[in-house]
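I opened the notebook for a new model today.

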Amino acid sequence: MKRKAFLVDTTRCTACRSCQVACKQWNKLEADSTVNRGSYENPPDLTPMLYNQIHFIEQDRGEDLRWLFINRRCLHCADAGCVKVCPSAGALYHTREGLVAYNRDKCIECHYCVNGCPFDVPRYDARRKVTKCHGCSDRVQNGLLPACVKACPTKTLQFGDRDQLIAEARAAGKKLYGEKDLGGLGVLYVLDDEPGTYRLPKNPAIPASIFFWKDVVKPLGILGFWGALGAAALHYVTVGPKKIDAPDEQQHKGGE
């Protein structure tokens with residue numbers, strides 16, 4: 001099966017947030033309690049109950065105010081750090097369409113996925129289980145568009161065959177973010193400014209520190225624990241338990 005992907009053309013976005021509402025409705029997510037921060041951006045970040053969010057970039061240019069908008073969500077990387085570092089088989093996985101989905105019942109609350117994601121996407125809910133955009137994998141597997149894409153009135157959000165989306169964007173003279181990064185992202189962006197303006201890393205990569213902890217430090221710690229336990233058991237078997245001198249013997253040894 002050909003890989004599917006989202007294409008997010010930020011130059012078309014009007015920040016109507018239909019994508020946020022549609023996602024909440026389809027996934028039966030509760031509303032987040034927020035406060036007025038002096039911005040139309042609401043909520044200000046992804047939450048366990050908000051799988052995709054319209055991030056506002058408000059730039060003061062004297063008498064003018066420049067607004068840029070971007071739909072934030074899981075980027076469904078081909079080389080996904082969250083999948084790579086997850087120690088629980090099947091908790092995070094790629095679907096046949098190339099989306100990164102998850103099984104909360106298999107999540108062991110280790111938070112490796114949070115540290116392994118270069119885009120700061122995974123969240124943990126009240127049950128301490130991982131949550132994030134799963135690309136409406138349940139809808140896609142039944143031939144339906146993701147809820148956010150169906151609700152988008154400006155065609156900012158598109159979904160389909162990844163190669164075809166890239167070909168159409170190139171034909172229109174648009175430059176894409178994420179075409180080659182991390183094996184090719186499952187969410188491609190058309191940006192109106194540099195990636196950093198949208199809080200996107202210019203060259204996203206999986207943090208090396210997470211592998212150093214998972215593959216080196218933690219195994220050595222476990223090896224050290226069982227090694228010490230084994231040495232104590234061997235000493236008990238070969239030497240026996242430590243004997244405590246009786247009070248009389250202690251006095252005799254002291255010469256009193």
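Entry 1: I looked up Ser 33 first. Is Ser 33 buried or exposed? Its relative accessible area is 79%. The cut-off for exposed is over 50%, so Ser 33 counts as exposed. I keep in mind that this is a predicted model. Ser 33 sits in the loop that runs between α1 and β2.

Entry 2: Pro 43 lies in the loop between α1 (18-27) and β2 (53-61). I checked the peptide bond that joins Asn 42 and Pro 43 and found it cis. Its omega is about -10°. I then took the distance between the C-alpha atoms of Ser 33 and Pro 43, which is 8.4 Å. Along the chain they are 10 residues apart.

**Entry 3: helix α1.** I listed the buried residues of α1: Cys 19, Gln 20, Ala 22, Cys 23, Lys 24 and Asn 27. What do they pack against? I found β2, β3 (64-72), α5 (147-151) and β8 (157-161). Lys 28 follows α1 and has a positive phi, near 55°.

**Entry 4: the β2-β3 hairpin.** I turned to the strand after the loop. β2 and β3 form a hairpin, with two residues between them. Gly 62 is in the turn, and its phi is positive, about 75°. The pairing of β2 with β3 is antiparallel and covers nine bridges. I noted two positions in it. Gln 59 has Arg 66 of β3 as its bridge partner. Ile 57 stands opposite Leu 68 in β3.

**Entry 5: the four-stranded sheet.** I wrote down the strand order as β8-β1-β10-β9. The sheet is open and its pairing is mixed. Which strands stand at the edges? They are β8 and β9 (176-177). Each has a single partner strand, so one side of each is left without a neighbour in the sheet. β9 runs antiparallel to β10, and two bridges join them. Tyr 177 has Tyr 189 in β10 as its bridge partner. I also checked what packs on this sheet. Helix α6 (residues 162-171) does, and it touches β1 (4-9), β8, β9 and β10. The direction of α6 makes about 125° with that of β8.

**Entry 6: cores.** I went back to Tyr 189 from the core side. The largest nonpolar core holds 52 residues. Which of them touch the most other members? I found Phe 119, Tyr 189 and Leu 200. There is a second, separate core of eight residues, and it includes Leu 7, Ile 166, Leu 176 and Leu 188. As background, nonpolar side chains in soluble globular proteins tend to be buried together.

Entry 7: His 111 has a phi near 70° and is not a glycine. Its place is in the loop between β5 (100-102) and α3 (112-116). Is His 111 buried, exposed or partly exposed? With a relative accessible area of 34%, His 111 is partly exposed. Arg 199 also has a positive phi, near 60°. Arg 199 is placed in the loop between β10 (187-190) and α7 (208-238).

**Entry 8: the whole chain.** I ended with the totals. The protein chain has eight helices and 10 strands. Its radius of gyration is 26 Å. The globule rule gives 18 Å for 256 residues, so the chain is more spread out than a compact globule. The C-alpha trace spans about 95 × 45 × 35 Å along its principal axes. How much of the chain counts as buried? I noted 43% of the 256 residues. For contacts with a separation of 6 or more, residues 24 or more positions apart account for 58%. The accessible surface comes to about 14,900 Å². Carbon and sulfur atoms hold 54% of that surface.

Terms used
Residues numbered from 1 in each chain as written. Predicted model: local features only at pLDDT ≥ 70, side-chain atom pairs only at ≥ 80, totals over all residues. Heavy atoms only, no water. Core = buried A, V, L, I, M, F, W, Y, C linked by side-chain atoms within 4.5 Å. Buried < 20%, exposed > 50% of the residue type's maximum accessible area, 1.4 Å probe, protein only. Contact = heavy atoms within 4.5 Å. Pairing = 2+ DSSP bridges. Axes fitted to C-alpha atoms, helices over the stretch in contact; angles between N-to-C directions. Rg over C-alpha atoms; globule rule 2.2 N^0.38 Å. Areas by Shrake-Rupley, 256 points an atom, 1.4 Å probe, with all protein chains shown as cover.
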